[in-house]
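User: I would like to go through this chain with you, one region at a time. Could you start with the sheet?

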Amino acid sequence: MSAREELYDRLCFMCINAGYELDQIKDSLYIILADYEITDRSTEIALLKEDRNEELVKRFLVAKMVKGCSDSTVKLYRDEIPKIFYKIGKTVDDITADDIRLYLAKRMKIDGITPTTANNELRYLRSFFGWCMAEEILTKNPTLKIDRIKCKKKGVETFTEIEIEKLRESAPDERIKCMIELLFSTGCRVTELVNIKLEEISGNKILIHGKGNKDRTVFINAKSQIAIEKYMALRKDDNPYLFAGGYSGPTPRRLNWWKYKSLVTLDKHLDTGSVEQTTRRLGKKLGIGRTNPHKFRKTCATMALKRGMPIEQVSKMLGHEQITTTQIYLSIDQEDLENSHKKYVT
């Protein structure tokens with residue numbers, strides 16, 4: 001059976017399943033197919049395709065590492081981009097905008113991913129193809145023709161002022177109290193928090209090592225300074241990090257292990273999972289709902305904007321590369337709108 005005949009049979013079978021009368025469509029199918037040259041898909045270059053894609057992805061990852069991207073970012077590219085190319089089924093050189101559109105449509109329709117996830121995958125491809133263009137590997141970037149997928153806008157989820165005070169008052173020990181105050185005061189990421197070294201704290205200033213190895217200085221309020229002092233007064237170890245790593249036994253809540261020099265490691269910091277678990281547990285105890293380090297960051301940014309801090313300064317405080325990233329925190333609720341109307345509109 002020729003490729004044309006096989007395709008004709010498959011189309012006829014599909015139409016029958018869809019409830020169409022075969023007699024009404026078979027002649028039309030022959031006429032339509034007559035305009036096309038149809039051959040079986042060749043698999044002879046599959047190995048070459050995989051080798052080519054693999055080679056370019058490896059070079060791309062090296063470039064990202066040299067640029068200073070974090071290990072987590074590089075790992076994300078390494079895990080996701082090859083899977084996308086495998087599903088598209090083409091060599092990088094042959095991928096078109098239509099191939100990417102079809103891939104994203106299938107991911108959302110068949111795999112059920114959200115528009116946000118689809119946009120993330122598109123972002124990975126944009127980064128990769130942008131690099132290919134810069135390196136003159138390709139002459140065209142297929143992602144430039146593809147717009148971001150529209151997502152339903154969600155309000156920024158933050159803590160209320162009552163919830164902030166509850167979290168502060170309910171901290172079970174000085175270490176957790178210190179974490180909470182710093183998260184509220186600086187808006188830093190959890191990875192940045194655990195990487196703070198004692199020598200990088202000077203009065204109301206802390207040197208933060210941000211994403212992409214970009215350092216910035218953040219400022220802390222009086223509550224945070226006092227919380228650090230009280231916490232450090234109980235530390236007996238020589239670990240250089242503000243939040244030292246160490247004890248990982250089954251009942252850490254019953255033992256303030258960080259007070260004991262023998263239970264603290266010499267040079268490791270607390271892992272991010274421990275901070276996330278600590279904040280989640282405290283929020284659950286207080287009945288606040290979702291409580292994680294990123295919500296503290298959102299709250300810090302939103303509060304700063306509401307109190308009049310220029311968005312450019314908030315962006316710099318958070319370590320955002322682009323101000324558009326900071327703009328997601330510019331949510332205005334009805335109460336804010338009403339108060340502003342009374343103030344500005346006569």
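**The sheet and its surroundings**

Analyst: This is a predicted model. In it, three strands form an open sheet in the order β1-β2-β3, with antiparallel pairing. The edge strands, each pairing on one side only, are β1 (201–202) and β3 (215–219).

User: Over how many bridges do β1 and β2 pair?

Analyst: β1 and strand β2 (residues 205–209) are paired in the antiparallel sense over two bridges. Within that pairing, Ile201 has Ile206 in β2 as its bridge partner.

User: And over how many bridges do β2 and β3 pair?

Analyst: β2 and β3 pair over five bridges, again in the antiparallel sense. His209 has Asp215 in β3 as its bridge partner. The hairpin of β2 and β3 has five residues between the strands, and Gly212 there takes a positive phi near 70°.

User: Which residues of β3 are on the covered face, and which on the uncovered one?

Analyst: Arg216 and Val218 make up the covered face of β3, while Asp215, Thr217 and Phe219 make up the uncovered one.

User: Let us turn to the helices. How do the axes of α8 and α10 cross?

Analyst: Helix α8 (residues 174–186) and helix α10 (residues 222–232) have axes that come within 9 Å and cross at roughly 155°. The angle therefore makes α8 roughly antiparallel to α10. Their crossing is left-handed.

User: Which residues in α8 and α10 meet?

Analyst: From α8, the residues are Glu174, Arg175, Lys177, Cys178, Glu181, Leu182 and Ser185; they meet Lys223, Ser224, Ala227, Ile228, Lys230 and Tyr231 in α10.

User: Next, Trp131. Where does Trp131 lie?

Analyst: Trp131 lies in helix α6 (residues 115–134).

User: Why does Trp131 count as buried?

Analyst: Trp131 counts as buried because its relative accessible area is 11%, and the cut-off for that class is under 20%.

User: What is Trp131 in contact with, leaving aside its neighbours within four places in sequence?

Analyst: With those neighbours within four places left aside, Trp131 is in contact with Leu56, Arg59, Phe60, Ala63 and Ile137. Arg59 is 72 residues from Trp131 along the chain, and the C-alpha atoms of the two are separated by 9.8 Å.

User: What about Glu136: is it buried or exposed?

Analyst: Glu136 counts as exposed, at 71% relative accessibility. Glu136 lies in the loop between α6 and α7 (161–170). Its backbone has a positive phi of about 60°, although Glu136 is not a glycine.

User: Moving on to Thr291: buried or exposed?

Analyst: Thr291 counts as buried, at 3% relative accessibility. Its place is in the loop between α11 (272–286) and α12 (293–306).

User: Which residues does Thr291 touch, not counting those up to four places away in sequence?

Analyst: Not counting residues up to four places away, Thr291 touches Phe159, Leu167, Thr279, Arg280, Gly283 and Phe296.

User: Finally, the chain overall. How many helices and strands are there?

Analyst: The secondary structure of the chain comes to 15 helices and five strands. Of its 346 residues, 36% count as buried. Among contacts between residues at least 6 apart in sequence, 60% join residues at least 24 apart.

How values were computed. Residues numbered from 1 in each chain as written. Predicted model: local features only at pLDDT ≥ 70, side-chain atom pairs only at ≥ 80, totals over all residues. Heavy atoms only, no water. Axes fitted to C-alpha atoms, helices over the stretch in contact; angles between N-to-C directions. Helix = DSSP H or I, 4+ residues; strand = E, 2+ residues; numbered from the N terminus. Parallel < 35°, antiparallel > 145°, perpendicular 65-115°, else oblique. Left-handed = near helix turned anticlockwise from the far one by under 90°. Contact = heavy atoms within 4.5 Å. Buried < 20%, exposed > 50% of the residue type's maximum accessible area, 1.4 Å probe, protein only. Pairing = 2+ DSSP bridges.
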